[in-house]
Amino acid sequence: MGEPVSAGRHDATVIGGGVVGLATAMRLARAGMDVVLIERHESFGREASSRNSEVVHAGMYYPTGSLKARFCVAGNRSLSAWCSAQSVPMQRLGKFIVATSDDEAPVLAGILERGHANGVTSLRWAADGELAEAEPRVRAVAALFSPDTGIIDSHALMQSFADEAATHDAALAWGHEYVACETVSGGYRLRVREPNGEELELQTRCVVNAAGLNADLIAEGAGLDIDALGYRLRYVKGNYFRMAERWRGQLTHLIYPVPHVGLAGLGVHVTLDLAGGVRLGPDVEFLDSRRPDYSVPADRAASFAEAVSRYLPGVTAGDLRPDQAGIRARRIVPGETTPDFIVAEEREHGLTGWVNLIGIESPGLTSCLEIADEVVRLLDA
C-alpha cells in the first residue's frame, strides 16, 4: 500500500499517481523538494494511464501554439531520451495517416501544414508506392508518414518515474485518498484517508492536482468556480478490440485514418503493441455520467470492422475480440472543439502554490515530462 505519510510539513503534495503525477513528483523531488504523492488506488496508473493505445505522438494534430502542440512536440524528444537512458521499452515504428477518398486528401494537406507549423519537421507525404511497399494490406489514395510516432511500455515508464522519485526521497503513498483541504498560513492542510479508513492531516506548501478523471472536482473543492474557468470535465469512453492472430505480422506501422472533425477522436486506427499484437481503437463515446464503465460491448465488433475496412480490406467482425476500454477526461468548453490542457498555478484565484492539471487527455502520455517540467517552473522549484 505504499509508504506511510508523515503528518509533518512537506514542500509539495501531488494528488494522483498516473503518468503525469508520477513524472511531476519525480521532477519536483529531483529539484530538491520534500514531496509526497497520494494515490487512492493500491498502485500507480490504474485509470487513464494504463488504458490507452500507448502511442508516442509526434504533435501534428493540435492547434499551433496550444499547450498540447508545444508539450507533445517537445515531449516526443524528451520521452525518447528518458526511455533510452532508463531502458524503458519504446519503438519508433512510424505512422501512416491515410486518405481513402479524394475528398480526404486536402485534410491530409492541412495536417501536414499544421504539423510543420508545430515543429514536426519530419512529417511528410508518403512517396509514390511507399505505402504499398511498406503496408501492402492497406488501401489509400494518399498518405502522410510520421517517422517519429511510436509505441511505449507505459507500465515500465511509470515504474521508472516511481523508482526515480523514490531515489530522491519522494514518499509514494498508494491506497491514500484525498478528502479535502483548507488554506493555512504558508500553504495547505490536507485531509487524507488511509488504507485502514482512518484520516490523517498533512501540511504542505504546494499542491499539484494531477487527479485525472476527478481533477475538476478537486479544484472545485478547493474553492474554484470550475464552470467559469472552463475546468469542468466530461467523460469520453474509448473501446478497443484486438485482432485475430492471423493479423500478427501483417502490419509493421501504425495506421490512422483522417481524424474526426474537431479532433473529437483520431478515428478507429490500427496500433501495434511491443509484443507484435494488433489492436483497433479507440472509438468515441461521450458518457452521460461520471461512473467509469470499462466494459467493451462485443456487438461493436461489426462497426469497428466496417470503419477499419475502409483502409484495411478483409477485416471482419469475426477477426475481433473485445480488448479494453479507457476513459479520457475532456474539458467542457462551449464552442471549442479541441479544448487545451490546463496547467495553471492558481495564485490569482487565491490559491498560491496550488497547480491544477486538468483535461490532460491525449497526448498526455507523450507530454508527461514536459508538463512536469512546467509545474517545476510554475512552483519555482
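Student: How many bridges join strand 3 to strand 8, and which way do they run?
Tutor: This is a predicted model. In it, two bridges join strand 3 to strand 8 (residues 150–152), and the two run antiparallel.

Student: Which residue in strand 8 is the bridge partner of Val55?
Tutor: Ile151 is the partner of Val55.

Student: What is the order of strands in that open sheet?
Tutor: The order is 3-8-4, three strands with antiparallel pairing. Strand 3 (55–56) and strand 4 (90–91) are the edge strands, each pairing on one side only.

Student: Where is Thr149 found?
Tutor: Thr149 is in the loop between strand 7 (142–146) and strand 8.

Student: Buried or exposed?
Tutor: Thr149 has a relative accessible area of 0%, so it is buried, the cut-off for that being under 20%.

Student: What does Thr149 touch, leaving out residues up to four places away in sequence?
Tutor: Thr149 touches Val55, Val56, Ala58, Met60, Arg92, Leu93, Gly94, Lys95 and Leu254. One of these, Val55, is the residue bridged to Ile151.

Student: Which other residue has a positive phi although it is not a glycine?
Tutor: Asp169 is one, with a phi of about 70°. Asp169 lies in the loop between helix 5 and strand 9 (171–174). Its relative accessible area is 65%, so Asp169 is exposed.

Student: Helices next. At what angle do the axes of helix 1 and helix 5 cross?
Tutor: The axes of helix 1 (residues 19–30) and helix 5 (residues 154–167) cross at roughly 25° and come within 8 Å. The two helices are therefore roughly parallel to each other, since angles under 35 degrees count that way.

Student: Left-handed or right-handed crossing?
Tutor: Helix 1 passes helix 5 in a left-handed crossing.

Student: Which residues meet there?
Tutor: From helix 1 there are Val19, Leu22, Ala23, Ala25, Met26, Ala29 and Arg30. From helix 5 there are Leu157, Met158, Phe161, Ala162, Glu164 and Ala165. By class, that contact has eleven nonpolar, no polar and two charged residues.

Student: Back to strands. How many bridges join strand 10 to strand 11?
Tutor: Seven bridges join strand 10 (residues 177–184) to strand 11 (residues 187–193), and the pair is antiparallel.

Student: What stands opposite Glu182 in strand 11?
Tutor: Arg189 stands opposite Glu182.

Student: How many residues are between the strands of that hairpin?
Tutor: Two residues lie between strand 10 and strand 11, and Gly186 in this hairpin takes a positive phi near 80°.

Student: On to strand 19. Which of its residues are buried?
Tutor: In strand 19 (residues 342–345), both faces are covered. Ile342 and Ala344 are buried on one side, and Val343 and Glu345 are buried on the other.

Student: How many bridges join strand 19 to strand 20?
Tutor: Four bridges join strand 19 to strand 20 (residues 354–358), in antiparallel fashion. In strand 20, Ile358 is the bridge partner of Ile342.

Student: Where does Asp340 lie, and is it buried or exposed?
Tutor: Asp340 lies in the loop between strand 18 (320–331) and strand 19. With a relative accessible area of 16%, Asp340 is buried.

Student: What is Asp340 in contact with, leaving aside neighbours within four places in sequence?
Tutor: Asp340 is in contact with Ser66, Leu67, Lys68 and Arg331. Asp340 and Pro63 are 277 residues apart in sequence and 8.8 Å apart in space, C-alpha to C-alpha.

Student: Last topic, cis peptides. What is omega for the bond from Ser362 to Pro363?
Tutor: Omega is near 10° for that cis bond. Pro363 lies in the loop between strand 20 and helix 9 (364–378).

Student: And what is omega between Gly281 and Pro282?
Tutor: About -5°, for a cis peptide bond joining Gly281 and Pro282. Pro282 is in the loop between strand 16 (278–281) and strand 17 (285–286).

Technical notes. Residues are numbered from 1 along each chain as its sequence is written. This is a predicted model: local features need pLDDT of at least 70, side-chain atom pairs count only at pLDDT 80 or more; totals for chains, interfaces and linings use all residues. Side-chain values use heavy atoms; hydrogens and water are left out. Two strands pair if DSSP finds at least two bridges between them. Buried means under 20% relative accessible area, exposed over 50%, partly exposed in between (1.4 Å probe, protein chains only). Axes are lines fitted to C-alpha atoms, for helices over the stretch in contact, and angles run from 0 to 180 degrees between N-to-C directions. Angles under 35 degrees count as roughly parallel, over 145 as roughly antiparallel, 65 to 115 as roughly perpendicular and the rest as oblique. A crossing is left-handed if the near helix is turned anticlockwise from the far one by less than a right angle, and right-handed if clockwise. Contact means heavy atoms within 4.5 Å. Ala, Val, Leu, Ile, Met, Phe, Trp, Tyr, Cys and Pro count as nonpolar, Asp, Glu, Lys and Arg as charged, and the others, Gly among them, as polar.
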